[in-house]
Amino acid sequence: MRRRSKSVGRSAKTRIRKTAKQKRRHASISQRRRVSRIVLRETEIDPLTRELNTIAEQQRATTEVLKLIGSSSTDPQLVFANILASAVRLCDANNDVIRRWDGDAMHLVATHNIPQTFIDLRKQSPYKPHQHSPTGRMLATRRLIHIVDLAVDQAYLERNPPTVAAVELAGIRTVLVVPLWKDSELIGSLLVGRKEVRPFADNQIEIVQNFATQAVVAIQNAELLRELRETLRQQTAAADVLKIISRSAFDLQAVLDTVVELAARLCGADLAAVHPNRAYFRAFAIYGGPPSHSEVASNVIFEPGRGSVMGRVALEAKPVQVADVLADPEYTLHEAQRKLGYRTCLGVPLLREGHPIGVIALTRFTVRPFTDKQIELVQNFADQAVIAIENTRLIAELRQSTDQLGRSVAELQRERNNKLMNLEAMAASISHEVKQPLASIAMNGGAAQRFLKHMPPNVEEVQSALNRMIGDCHRASQVFDNLRALFGKAERGHEPIDANELIRGVLTSFQGDLEEHEITARVRLPEDLPKIVAHKGQLEEVLINLVRNAIEAMQADKNDHRVLQVSGWCDGDKITVAVEDSGPGIDPKHAESIFDAFVTTKSHGMGLGLALCRMIIDRHSGELTASPAHPRGSSFRIALPILPAT
């Protein structure tokens with residue numbers, strides 16, 4: 001074998017080393033190239049990933065909004081809040097607002113991250129955009145408006161109040177205003193703002209436009225829901241009024257109070273009142289306002305004239321509205337306006353056969369006219385109020401006719417009773433009036449027999465019993481004379497009588513009964529009580545009846561404090577005698593009929609005593625009345641004319 005030279009060996013090793021070094025260099029270059037390609041790929045993927053995430057988040061937000069819109073039970077404000085929050089989050093904004101356009105002004109529908117001071121300012125009155133403001137330009141061009149810095153915009157430099165408020169109260173600098181379209185009709189706007197000067201990117205503008213489309217659907221749903229609820233509330237209110245009318249046929253005030261309250265609440269009025277044409281009805285109703293509202297409203301008379309809304313209603317017999325009473329040159333109720341502070345005023349007539357008999361007046365503290373639907377609703381309430389007024393009038397007329405018929409029947413009944421008394425009362429009166437003396441005669445006769453059986457007989461007691469029997473016989477005879485005089489000529493047997501003497505004599509005859517039933521008698525009679533001209537026996541019967549009734553009333557009562565009080569006094573050209581007891585009093589159910597013939601509350605009574613008493617007093621040109629005593633019991637008063645001085 002031939003040996004290699006050393007030089008050849010070294011050359012081979014060198015080549016090997018060079019080759020390995022070159023391989024390592026190529027590997028390093030390839031690796032760097034691969035890393036560069038990876039970094040480049042990641043740089044390209046990141047924006048795509050962020051865009052994809054944004055799209056996914058937008059889709060999730062859109063899905064959530066659509067779910068809320070599709071839920072019939074969801075509150076529309078929840079949908080608006082979700083739309084606004086999603087728009088702010090996806091567009092890296094700070095706040096946003098949804099507004100509704102009514103053809104004249106913008107109205108807040110929903111807000112997100114807007115200061116309450118700004119919201120309160122917007123709600124004070126309808127927002128009518130300035131021509132140079134972002135919303136004004138959107139309305140003029142019907143296109144999206146994007147302002148990079150609102151603080152250098154023309155509207156702000158001109159110090160337009162709404163634009164100044166947006167910058168200085170809400171802190172909005174960059175603003176995007178997107179119109180809301182329903183078919184070809186502009187119905188509002190979606191405004192998105194940033195508190196820093198940073199324009200919105202095209203994809204962000206596209207996102208806001210997508211949310212604007214969803215906001216239109218939400219507004220339509222909200223409007224349909226509002227109309228449905230409004231219709232339901234109106235139908236419920238109409239049913240409530242009809243229920244009140246049916247239940248309160250005799251209470252017009254309750255109906256008018258309900259009508260005016262419902263009209264105010266359903267129409268968003270601050271004050272409401274029903275003003276009557278007082279020649280036709282006088283009921284008056286108010287709702288809302290300070291305590292002075294009632295006084296101010298009641299002083300306004302419903303009469304024709306141009307100086308007030310009610311006066312114009314009376315003239316024109318149709319609804320009249322004044323958007324701002326302070327701007328109306330014909331309006332003259334300045335004192336009422338100053339006290340109550342209203343601005344917008346609506347008057348709707350209550351029409352009967354085409355003629356106004358009253359008016360429903362609704363007012364608002366701000367300049368905010370009532371809509372046609374609200375005016376139509378108030379007209380429906382006015383029609384129902386007229387029905388209630390007519391019902392009340394007809395019922396009043398019916399009641400008046402019924403009362404008149406009742407009085408006629410009562411008069412016929414009284415005439416019948418008088419005839420019955422003239423024909424039958426003689427026998428009944430004899431039984432009623434003679435019963436007590438006959439009972440006394442029987443009692444004294446029995447006493448005389450007992451005294452005669454004594455051993456020896458008690459002649460003195462027998463004599464006393466016989467004397468009492470004789471007195472009772474005279475008393476029974478006097479009863480017949482009194483009854484004959486009562487049913488005979490009116491003034492037969494009349495003579496001057498000392499009332500004090502007559503009263504004390506009657507009380508003396510009841511002394512035994514008063515002691516037996518532990519009744520205290522109190523007599524208050526002035527010594528100078530004038531004389532009267534009367535039939536003594538008949539007046540005695542009246543007093544006896546009243547005193548006996550008082551004793552029986554207190555006898556049946558368990559009250560230990562039993563007092564019979566007889567008083568007399570002079571009252572002009574009459575004297576009055578009152579017999580008052582401390583019994584249970586007159587049952588209110590019988591208070592108006594106790595003087596009618598054959599009406600009695602006693603199980604053994606005939607119902608003639610008080611009827612005869614009143615008949616006697618009437619024939620003496622006097623008056624007999626009954627009333628409750630205080631603290632308890634009954635009081636019967638006799639008023640008789642005084643004997644004229646000679």
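1. S133 sits in the loop that connects helix 3 (116-123) to helix 4 (134-141). This is a predicted model, and in it S133 counts as buried because its relative accessibility is 1%, under the 20% cut-off. A polar atom of the S133 side chain lies 2.7 Å from the backbone oxygen of H130. Beyond its neighbours within four places in sequence, S133 is in contact with Y127, A155, N160 and T163.

2. R142 is not a glycine, yet its phi is positive, about 60°. With a relative accessible area of 40%, R142 is partly exposed. For context, most residues other than glycine have a negative phi.

3. D183 also has a positive phi of about 60° and is not a glycine. The residue is placed in the loop between strand 4 (174-182) and strand 5 (185-194). Is D183 buried or exposed? At 77% relative accessibility, D183 is exposed.

4. Two cis peptide bonds deserve a check by eye. One runs from M455 to P456, with omega near -5°; P456 belongs to the loop between helix 12 (372-452) and helix 13 (459-486). Another runs from H630 to P631, with omega near 5°, and P631 is in the loop between strand 16 (623-628) and strand 17.

5. On cysteines: the count of disulfides is 0. C91 is buried, at 0% relative accessibility. C345 is buried as well, with a relative accessible area of 6%.

6. The largest nonpolar core has 38 residues, and L539, L546, L564 and I638 have the most contacts inside it. At least two residues of this core come from each of helix 14 (499-509), strand 13 (532-534), helix 16 (536-556), strand 14 (563-571), strand 15 (574-580), helix 17 (609-619) and strand 17 (634-641). Helix 16 gives the largest share, 9 residues. In soluble globular proteins, nonpolar side chains tend to be buried together.

7. Which residues does I638 touch, leaving out those up to four places away in sequence? The list is V542, L543, L546, I575, T576, V577, I617, E623 and L624. Apart from this core lies another, of 32 residues, which includes L262, A285, L350 and I389.

8. Helix 17 is largely enclosed by the rest of the structure, because 8 of its 11 residues are buried. The buried residues of helix 17 are G609, L610, A611, L612, C613, M615, I616 and I617. After helix 17 comes S621, with a positive phi near 60°.

9. Strand 15 is likewise largely enclosed by the rest of the structure, since 5 of its 7 residues are buried. Strand 15 is joined to strand 14 by 7 bridges, and the two run antiparallel; G568 has V577 in strand 15 as its bridge partner. The hairpin of strand 14 and strand 15 has 2 residues between the strands, and G572 takes a positive phi near 70° there. Strand 15 also pairs with strand 17, again antiparallel and through 7 bridges. In that pairing, I575 has L640 of strand 17 as its bridge partner.

10. Elsewhere there is an open sheet of 5 strands in the order 7-6-10-9-8, with antiparallel pairing. Its edge strands are strand 7 (285-287) and strand 8 (320-322), each of which pairs on one side only. Neighbouring strands of the sheet are turned by 15° against each other on average, direction ignored.

11. Within the order 7-6-10-9-8, strand 9 (residues 344-352) and strand 10 (residues 355-364) run antiparallel and are joined by 9 bridges. L346 has L362 in strand 10 as its bridge partner. Helix 8 (residues 252-267) packs on the sheet and touches strand 6 (271-276), strand 7 and strand 10. The direction of helix 8 makes about 30° with that of strand 7.

Note on methods: Residues are numbered from 1 along each chain as its sequence is written. This is a predicted model: local features need pLDDT of at least 70, side-chain atom pairs count only at pLDDT 80 or more; totals for chains, interfaces and linings use all residues. Side-chain values use heavy atoms; hydrogens and water are left out. A nonpolar core is a set of buried Ala, Val, Leu, Ile, Met, Phe, Trp, Tyr and Cys residues joined through side-chain atoms within 4.5 Å. Buried means under 20% relative accessible area, exposed over 50%, partly exposed in between (1.4 Å probe, protein chains only). Helices (H or I, at least four residues) and strands (E, at least two) are DSSP runs, numbered from the N terminus. Contact means heavy atoms within 4.5 Å. A disulfide is a pair of cysteine sulfur atoms within 2.5 Å. A polar contact is a pair of N or O atoms within 3.5 Å; within protein, one must be able to donate a hydrogen and the other to accept it, and residues adjacent in sequence count only if both atoms are side-chain atoms. Two strands pair if DSSP finds at least two bridges between them. Axes are lines fitted to C-alpha atoms, for helices over the stretch in contact, and angles run from 0 to 180 degrees between N-to-C directions.
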